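Please look over the sequence and the structure shown here before reading on. The report that follows walks through some of the features that can be computed from the atoms.

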Amino acid sequence: MRQQLEQILVYGTLAFLLGCHLGLGKIIPLWAAVSLGAVFSLLLIGACCKDWESKILAVLAVGVFFCCGAAIGSGAMRQAQLEIGSFTSQQVLVYGTAEPGSVKNRPEGTSLVLVCNAVQAESVAADTKDSLNTTAAPTNRTATAVAGKVRVFIKNVQLADKLVGQLALRGTLKPLTNFANPGGWDGELWNELQGLQGRMSVSGSEVYLSGGSPGISDRIAGLANNLRQQLRSTVPGQAGAVLAGMTLGGYDGISAETRDAFARVGLAHLLAVSGTHIALLTGFLLLVLRRRNRYTLLVVAAILLFYAALCGFKPPVLRALCMSLALFAAGSADRLPQRSNIFCGVVLLLLCYQPRWLWDVGFQLSFVTTAGLLYFYPVLSGVCARYMPVAAAEVLAVSLTAQLAALPFLVHYFHQLSLAGLAANLFLVPLLEIAVLLTLAGFALLPLLGLGKLLFVLAGTLLLPLLKLIGWLAGWSWATITIGSWPYLCSAIYYLLLLLVLGNSDWDDFSNKERRLLIACCCFTLVGIGVYDKVRPQPLTVHFIDVGQGDAALVITPQRQTLLIDSGGLRGDYDTGRRIILPYLRYLGIRSLDVMLLSHGHHDHAGGAAAVSQNLTIGKIILPQEQPAADVQALLRNTKAQVEHAQTGSNYSLGNTELQIVSAPVSSSTAGDANESSLIVRVASAGGSIVFTGDATEDEELLAAGQIQPSQVLKVSHHGSDHSSCMPFLTAVRPQIAVISVGAGNSYGHPGSAVLQRLAEVGSQVWRTDLGGAIKITFDGGTVKCYSYRYQKEYF
């Protein structure tokens with residue numbers, strides 16, 4: 001009976017997770033979840049009273065768990081208060097408090113996240129008698145209560161030490177802008193999980209301070225920032241930034257190259273505070289305190305709570321903290337069923353507290369990793385112990401278990417696996433964790449300035465060669481393998497296979513013959529799905545990647561050859577190649593490019609090219625006839641590909657698909673990045689054709705109009721500028737579909753109304769990346785099909 005209850009709890013927890021997911025996705029409404037839960041509960045009560053079979057009772061109990069999860073998930077999506085996002089695009093006066101840990105001084109000003117509690121529209125706010133220079137927050141008697149958060153940037157002033165207590169800010173509430181591409185970071189989901197609903201950019205005179213005293217959370221966040229600054233000043237460079245991230249959280253100062261290197265060798269989880277650090281600190285404290293009694297556990301619990309508060313109570317930290325405290329409370333919970341019950345209970349409690357954490361990547365990875373350690377580690381450690389010393393076997397088994405358990409999630413989010421991860425986790429993780437412990441000890445002994453800073457220096461000295469070794473490992477081509485997107489069916493089969501191979505015998509309902517047969521079927525199905533994906537018919541496909549105010553398009557031919565045309569580029573240190581294009585290519589399973597073509601050297605077309613060339617093998621690079629701009633020079637320094645300059649009328653073969661250079665003017669500009677040198681190219685196969693225009697001017701289009709052939713799809717020139725896409729050129733191309741690659745809310749006013757009018761006159765259907773995100777177009781069976789990633793993700 002006890003074993004059955006334990007199984008019900010495990011299956012019930014899984015059912016709760018599924019129900020919560022469906023509720024968060026608004027697939028099951030709250031009324032349906034509550035009604036169905038009531039039915040299951042009544043049936044369960046009746047079944048208990050009438051002593052029905054245990055299997056029926058188990059099914060009904062699991063059904064109750066499912067309905068509870070669905071009710072909690074759907075209830076989390078209901079807003080009891082008016083959202084601040086409903087005032088988007090209005091001039092408002094917003095009241096709230098700074099989120100602890102979010103206030104940071106930048107060279108250009110101060111950034112923070114404002115937790116809003118009230119708002120006034122401009123017509124109301126203008127009636128206040130307070131001038132803009134006052135230091136007291138205006139009264140909010142006429143304000144409307146709201147919920148949600150706003151990302152705020154205060155220009156040209158550093159106010160990190162003054163933004164405490166109640167704040168008020170006057171300005172225009174703007175919508176958040178996010179890229180919508182498969183494979184990359186989901187900014188829209190992240191904002192939803194964090195409760196962010198808008199952004200504001202204001203001057204210092206538009207900020208009202210209440211002058212209140214900081215609360216406990218503000219004081220703890222201030223202490224964390226002070227510790228981070230002390231560490232960064234003692235250990236400069238990447239070593240200090242990495243140590244700060246590993247011990248206190250955040251990625252401030254950690255370069256994109258360092259993050260990529262850690263990801264390629266399977267150590268990305270160590271760059272931020274995670275359950276690993278909580279477990280490490282717990283073990284170290286128990287080792288130092290030696291005797292495990294009631295008082296020892298209270299001291300450990302207090303230290304862990306304080307450390308979790310310093311880290312901001314992030315989901316993986318809170319999960320590990322709750323798990324550690326629950327294990328302490330359980331006393332001698334040595335048996336797997338007891339630890340399993342504790343784990344399931346913690347997961348249920350955390351999701352009841354904050355259901356949206358279910359969609360948090362860190363929460364998901366920590367959940368599957370811990371579950372793997374609970375259920376699969378005993379078997380793996382026993383196998384490893386047969387061939388090596390016990391200590392080494394345990395370390396190897398932990399690393400293997402964590403990677404095997406998290407593999408489907410790693411493929412789903414990152415689309416690649418680290419082949420160097422096993423060795424890195426085996427040999428580098430212990431050294432990195434020693435550096436973490438030295439840093440934490442330095443924080444504790446910081447009042448003794450000499451000793452605390454000495455420990456910081458020791459940690460930095462240990463970390464420096466490790467960073468070089470990680471960078472060296474990441475540079476090898478075998479360090480990672482690109483997998484591409486993985487259907488959910490493959491993940492389900494994989495976990496079934498893992499349970500059959502490594503599952504505990506207490507949960508085994510199959511004979512050895514049945515187990516072997518199921519293992520064979522799972523392996524055959526996984527291999528069959530992989531083979532079919534490689535041999536299935538591939539129509540001519542073009543992906544217009546959402547890179548904001550820029551251009552980037554990927555063409556995949558029916559023979560699966562690949563052509564990347566332009567690579568985007570944004571202002572500042574945001575690398576579109578590293579953060580948008582490479583994840584997109586990995587999502588599609590692309591490990592190399594046959595051709596890269598840059599229409600011209602403007603940063604919004606060539607800014608991501610260097611990063612792409614550093615990470616992928618490129619067969620040929622085609623450049624315009626102009627002096628190379630800075631981005632093109634960076635590309636040439638980082639590639640071994642064959643480089644050619646385009647010539648008007650030349651053709652390049654990609655299997656049965658042709659790349660035709662319609663126009664390749666010679667630039668007269670000495671700067672080497674003029675629109676006048678922009679290439680106009682046409683990609684054509686038996687299935688259809690597409691014309692790419694870069695930033696071609698009206699003069700270039702007029703010269704090309706006499707020699708270009710009609711095409712089904714046109715990439716509109718210069719992001720829809722009124723000074724391009726002239727009527728003679730549009731009449732010559734006669735596109736059925738016109739794609740405009742443009743950034744949301746750009747300052748140029750693109751696309752222009754005149755261009756949209758001309759496209760309507762030639763009968764073109766307009767698709768825009770600012771509205772639809774990435775655009776996918778396929779030429780299948782003589783028909784052209786178009787999909788938007790923002791609204792039709794299932795087709796990508």
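## Residues with positive phi

At 32% relative accessibility, Arg 560 counts as partly exposed, where buried means under 20% relative accessible area, exposed means over 50%, and partly exposed lies in between, computed with a 1.4 Å probe on protein chains only. Arg 560 is found in the loop between β13 (553–556) and β14 (562–565), and its phi is near 65 degrees, a positive value in a residue other than glycine. His 719 also has a positive phi in a residue other than glycine, near 60 degrees, and it lies in the loop between β22 (713–715) and α25 (727–733). His 719 counts as buried, since its relative accessibility is 1%.

This is a predicted model, in which local features need pLDDT of at least 70 and side-chain atom pairs count only at pLDDT 80 or more, while totals for chains, interfaces and linings use all residues. Residues are numbered from 1 along each chain as its sequence is written, and side-chain values use heavy atoms, with hydrogens and water left out.

## The fold as a whole

The protein has 27 helices and 26 strands, which are DSSP runs numbered from the N terminus, with helices being H or I over at least four residues and strands being E over at least two. Its C-alpha atoms fill a box of roughly 85 × 80 × 60 Å when this is taken along the principal axes. A compact globule of 796 residues would have a radius of gyration near 28 Å, and the 29 Å of the protein agrees with that; the radius is taken over C-alpha atoms, and the globule rule is 2.2 Å times the number of residues to the power 0.38. Of the 796 residues, 49% count as buried. Among the contacts (heavy atoms within 4.5 Å) with a separation of 6 or more, 70% are between residues 24 or more positions apart.

Phe 65 has its place in helix α3 (residues 54–76) and is partly exposed, with a relative accessible area of 21%. Leaving aside residues up to four places away in sequence, Phe 65 touches Leu 9, Gly 12, Thr 13, Ala 15, Phe 16 and Leu 348. Phe 65 and Thr 13 are 52 residues apart along the chain, yet their C-alpha atoms are separated by 6.9 Å.

The peptide bond from His 750 to Pro 751 is cis, with omega near -5 degrees, and Pro 751 has its place in the loop between β23 (737–740) and α26 (753–761).

How many disulfides does the count come to? With a disulfide taken as a pair of cysteine sulfur atoms within 2.5 Å, the count comes to 0. Cys 67 is in no disulfide, and the nearest cysteine sulfur, that of Cys 68, is 7.1 Å away; Cys 67 counts as buried at 3% relative accessibility. Cys 384 is likewise in no disulfide, and the nearest cysteine sulfur, that of Cys 523, is 19 Å away; Cys 384 counts as buried at 9% relative accessibility.

## Empty space inside

Rolling a probe the size of a water molecule over the atoms shows where empty space is left. On a 1 Å grid over the protein atoms alone, a cavity is a set of points where a 1.4 Å probe fits but cannot get out, whereas a pocket is an open set with protein on both sides within 12 Å along at least five of seven lines, and lining residues have an atom within 4 Å of a point. Grid points are joined across faces, edges and corners, and a volume is the space filled by probe spheres set on the points.

By this rule the count comes to 2 cavities of 30 Å³ or more. In the table, Ala, Val, Leu, Ile, Met, Phe, Trp, Tyr, Cys and Pro count as nonpolar, Asp, Glu, Lys and Arg as charged, and the others, Gly among them, as polar.

| Space | Volume | Lining residues by kind |
|---|---|---|
| Largest cavity | about 60 Å³ | 5 nonpolar, 2 polar, 3 charged |
| Second largest cavity | about 30 Å³ | 3 nonpolar, 3 polar, 3 charged |
| Second largest pocket | about 810 Å³ | 7 nonpolar, 12 polar, 7 charged |

The lining of the largest cavity includes Phe 544, Asp 551 and Lys 715. In the second largest cavity, α7 gives the largest share of the lining, 3 residues. The second largest pocket is lined by 26 residues, of which Arg 264, Gly 475, Gln 614, Asn 615 and Leu 616 lie nearest its centre, and α8 gives the most to this lining, with 4 residues.
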